[in-house]
Amino acid sequence: MSHGQDLNRRDFIKISSLFLAGSAAMSTQIGRTISGGGNALADDGRERVVHSFCEHCFWRCGIAAHVRDGKIYKITGSEHHPLSNGRLCPRGTGGIGQIYDPDRLAHPLIREKKGGKTTYRKASWDEAITYTAEKLYKIKEAYGPQAIAMLHHGYGYTFFKEMFKSFGVNKFAKPSYDFCCGPRHQGYMFTYGHSAGTPEGVDIQNSKYILFFGTHYGENMHNTAVQEIAEGIRRGLKIAVFDPRFSTLAGKAEKWLPIKAGTDIAMMQALMNVLITENLYDKQFVAENTIGFDELRAEVAQMTPEKAAEITDIPADDIREIARNFARYAPAAAVHPGRRTQWYADGTQRVRAIAILNALVGNYKMPGGVVKYEKYKMPKGEPHHYPEFEKEVWSKYPLFTDIKPENTMASHEVMQQTMDGVIKAWFVYGVNVPETITLGRRKTIEAINKVDFLVAVDTLPMEVTGYADVVLPECTYLERYDDLDLGRPYRTPFVALRQPVVEPMFDSKPGNQIARMLADKLGVHALEDDVETYLDKRLKKAGSSLAEVKKTGVLLAEPTDLYRKPGETLTFKTPSGKIELASSKMREAGFDAVPKYTKQPDAPEGFYRVLTGRKPMLTFGRTANNRFLNELPTARENEIWINPQAAEKHQLSHGEYVHLKNQAGIVSEFPIKVKVTERIRQDAVYMVHGYGHYFKKLKWAYRKGASHNQLISDTEVDESIGAVGFQNNFVTFIKEA
Amino acid sequence: MAKQKNYGMVIDTRVCVGCSACVYACKSENSVPEGYCRDWVVQETNGTYPRLSMENRSERCQHCEKAPCVTYCPTGASHYAEDGTVQVNRSRCTGCKACLAACPYDARYVHPEGYVDKCSLCKHRIDQGLETACVSVCPTKSLNLVDFSDPDHEALALMNGKEVYRQKEHAGTRPSLYWISARNKPGV
């Protein structure tokens, strides 16, 4: 295999299938379970339904898991949970494919070298925990707590965070901050003083007109938002989509505007220009509630629709029409903040430009406009006293988030500090780092090779587990408690419970137990004796109990009033207390106070900019090996989308397989199927992220399509908040011999 | 006496995003074997860049009023149920595939156990007053179960004033699936 270079210290190990679930006597049973005809466990003759929340994406919808004969046979949307509203996306229904995946990690594993050969051997939990604790302890003793970092994704990380903080370690990084939630969160914070939210604070279902910039709703099945878009369409919502690709959402739009990739800010500036020069903006709202209008006006004055047309490839008349429609339908109109927002180095400014467009039409807290959903007001848990940390935030970027405790630095900073020898140990929870964007596969593996000690906690043998010194098999979200979900503000504020539907399978354990065992070995008091006691205490503080919340999986508040009253004075938690069209925080930190357009490089001759997205039935790593979800031919592999004219130039035909080569000469390890389609511009290609796995133990995902992450070699850092853009990567095609 | 039920579906393609939740929900509800499905999603794009249009459809057995599968079934396995759906009696089916050839909608497959299988409109659920698995999971409410014998049925009103079609009507099958075209403007 050629996925790394000079892998001496940390050879990628093929986990012997002896240690995976499928080799046990379980394999036949699992086969039957997936096809639905099995009867392996005790038959109590009844169906049992357990309400919990999903872990297949960060949205965390409520689920109802249906158990028959001791096995989960189907998962539906919880009718009690505000985010699922009784309905569910395909990935949610696919939980049965994860819990009954025969490739699951079944036992703790320890890397060992014998006779020059590195292999994994099966270990007992006690041995694996003792070994891990000893290593972490020694590294902390030798180099200090700053030598340990946790990289994580997913909701089970909280117990490990508590364990580490009690141990004095607080370097935490979530790769999704780098390219998704970071810019979105910070861009809105700097402008409105609050986050863009999840679900996004847009009153979609009551809106008359929404502009989307490259947001792939429908392909990214964020259940609640898709439900609202559908309801909006039924009620008359008009949609306009700027996207180089005719996405599913563009298929719902009144107007698709095939914008040249990398020119969004120019377009947004032009829309502002029209709103201002044609006096279409909400003058009273702007005067009363914003600062920096004059500065904004001066900046966007140069971006006439004609100038923007040259940059974006969208005719000036269309730009005017969109701006006029937006103003006409406002305040029941909005520009959606989108997700996965860091495409180049200016993602934060791009999100700010979206926030500013909304502010200009005065749609704040108006029906169909931008709203601020509230969280459930949960009484605080027991205060915990941690050792003093050297720093609360480790990031070197001046505007890195300071209110998201799950991130104290960007994940690419973890890579860099590892290369520099500062970080010696990685604790990786639920994130398949080599295949997760940030700096691309090659640089990530370079960093992994510098790590002295790597622990991976996961349910499946992902690529990252192949590099680990210790692999700790966690049971899936359907077999465990996690911390309460307090994190999703929505129309009806709620607290959600994750609870086990069935007992942990094999020798896997819930994260809360693994963290507790580690804490005990490390000699720190971090967690309650058992998770049920902890959850019950928390829920009792809110006037309920674990027993009560177990019934429906949620604790609900009254729906909140989203709209402002006539004459209501608005306040914002920004430095000025106003919506900051010109951001004082950006200015103070030495960045542009109003968003400016930066030209991105064009593709080299014969190359095409790589755009990415997803399929509705898959969520990258979590679902890559999910046999149930991968059953549909549309889910099984990714394709490279190319416009017919570009395809002709390269003599590519629909359905053939090609290798991709990027501008740095990296050739995709596996071939990818060509999809010749009118649905994309001639200067770009598109591929779904999260395919092309090179770990053979992911039996279903191995060699299916090409890896997008492998083809990332150029990244740009947003110097304000530390996010990473990666869309200046280009590919050409190598035809099969 | 209660009026005879007559079930079918109204499918609003304006809102369908082709996510396939319906397919997976059906597979787990009905234990559809690996490699087969009773419903499927079609994403149809028309036009040339940049003037394109799209329709997403969740398709399945159309529960025809004049079903060729019933006509051509030599054993009577394929039959009309009292509620207007078309069902297959597994014990009478010999797997001869005459129905597969007759069905204009390609809605049937031969189950590995030898009988012909297809969408039952979740008869086991609708008999209990529940909606089908696909209808109840659908995040966009594109899928609507309808009892055509009830003129006040909510989903019937969805079709008012809109361009609605049925598939392959020329085949004379009188299908019970009605499609609200994606060409309809929002909010009509």
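Trainee: What covers the buried residues of α15(A)?
Mentor: In this predicted model, the cover of those buried residues includes α14 (411-419) and β14 (453-458) of chain A.

Trainee: Which residues of α15 in chain A are buried?
Mentor: The helix comprises residues 441-448, and its buried residues are A:R441, A:T444, A:I445, A:A447 and A:I448. They lie on the same side of α15(A), because the arc they cover around the axis is only 155 degrees.

Trainee: What is found in the loop between β13 and α15 of chain A?
Mentor: A:T438 is found in that loop. Its phi is positive, about 155 degrees, although A:T438 is not a glycine.

Trainee: Is A:T438 buried or exposed?
Mentor: A:T438 is buried, because it has 30 other C-beta atoms within 10 Å and 20 or more are enough for that label.

Trainee: Let us turn to the sheet. What is the order of the 7 strands in the open sheet of chain A?
Mentor: The order is β5-β4-β15-β14-β13-β6-β7, and the pairing is mixed. The edges are held by β5 (117-122) and β7 (172-173) of chain A; each has a single partner strand, so one side of each has no neighbour in the sheet.

Trainee: In which sense do β6 and β13 of chain A pair?
Mentor: Strand β6 (residues 148-152) and strand β13 (residues 425-429) of chain A pair in the parallel sense, over 5 bridges. Within this pair, A:I148 stands opposite A:A425 of β13(A). As background, the strands of a sheet pair through backbone hydrogen bonds, in either a parallel or an antiparallel sense.

Trainee: And β9? How many residues of that strand in chain A are buried?
Mentor: In strand β9 (residues 238-242) of chain A, 5 of the 5 residues are buried, so the strand is largely enclosed by the rest of the structure. Both of its faces are covered: A:K238, A:A240 and A:F242 are buried on one side, and A:I239 and A:V241 on the other. In a regular strand, side chains alternate between the two faces of the sheet.

Trainee: Which strand pairs with β9(A) over 5 bridges?
Mentor: Strand β8 (residues 209-213) of chain A does, in the parallel sense. A:L211 has A:A240 in β9(A) as its bridge partner.

Trainee: What is in the loop between α6 and β8 of chain A?
Mentor: A:P199 is found there, between α6 (175-192) and β8. The peptide bond from A:T198 to A:P199 is cis, with omega near -5 degrees.

Trainee: Where is there a cis peptide bond in chain B?
Mentor: A cis bond joins B:Y49 and B:P50, with omega about -5 degrees. B:P50 lies in the loop between β2 (40-48) and β3 (51-59) of chain B.

Trainee: What about helix packing: at what angle do α8 and α12 of chain A cross?
Mentor: The axes of α8 (residues 264-277) and α12 (residues 316-329) of chain A cross at roughly 60 degrees and come within 9 Å. The crossing is right-handed. On α8(A) the contact is made by A:A270, A:L271, A:V274 and A:L275, and on α12(A) by A:I319, A:R320, A:I322, A:A323, A:F326 and A:A327.

Trainee: How many residues does the contact take from chain A and from chain B?
Mentor: It takes 40 residues from chain A and 31 residues from chain B. On the chain A side, α1 (26-35), β3 (71-77), α2 (90-93) and α7 (223-235) each supply at least two residues. The largest share of that side, 7 residues, comes from α7(A).

Trainee: How many helices and strands are there in chain A?
Mentor: Chain A has 21 helices and 26 strands. Of its 737 residues, 61% are buried. A compact globule of 737 residues would have a radius of gyration near 27 Å; chain A has 25 Å, which agrees.

Trainee: How many helices and strands does chain B have?
Mentor: Chain B has 6 helices and 10 strands. Of its 188 residues, 43% count as buried. With 188 residues, a compact globule would have a radius of gyration near 16 Å, and the 17 Å of chain B agrees.

Key:
Residues numbered from 1 in each chain as written. Chains lettered and ligands numbered in written order. Predicted model: local features only at pLDDT ≥ 70, side-chain atom pairs only at ≥ 80, totals over all residues. Buried ≥ 20, exposed ≤ 12 C-beta atoms within 10 Å, placed from the backbone. Helix = DSSP H or I, 4+ residues; strand = E, 2+ residues; numbered from the N terminus. Arc of directions from axis to C-beta. Contact = placed C-beta atoms within 7 Å. Rg over C-alpha atoms; globule rule 2.2 N^0.38 Å. Pairing = 2+ DSSP bridges. Axes fitted to C-alpha atoms, helices over the stretch in contact; angles between N-to-C directions. Left-handed = near helix turned anticlockwise from the far one by under 90°.
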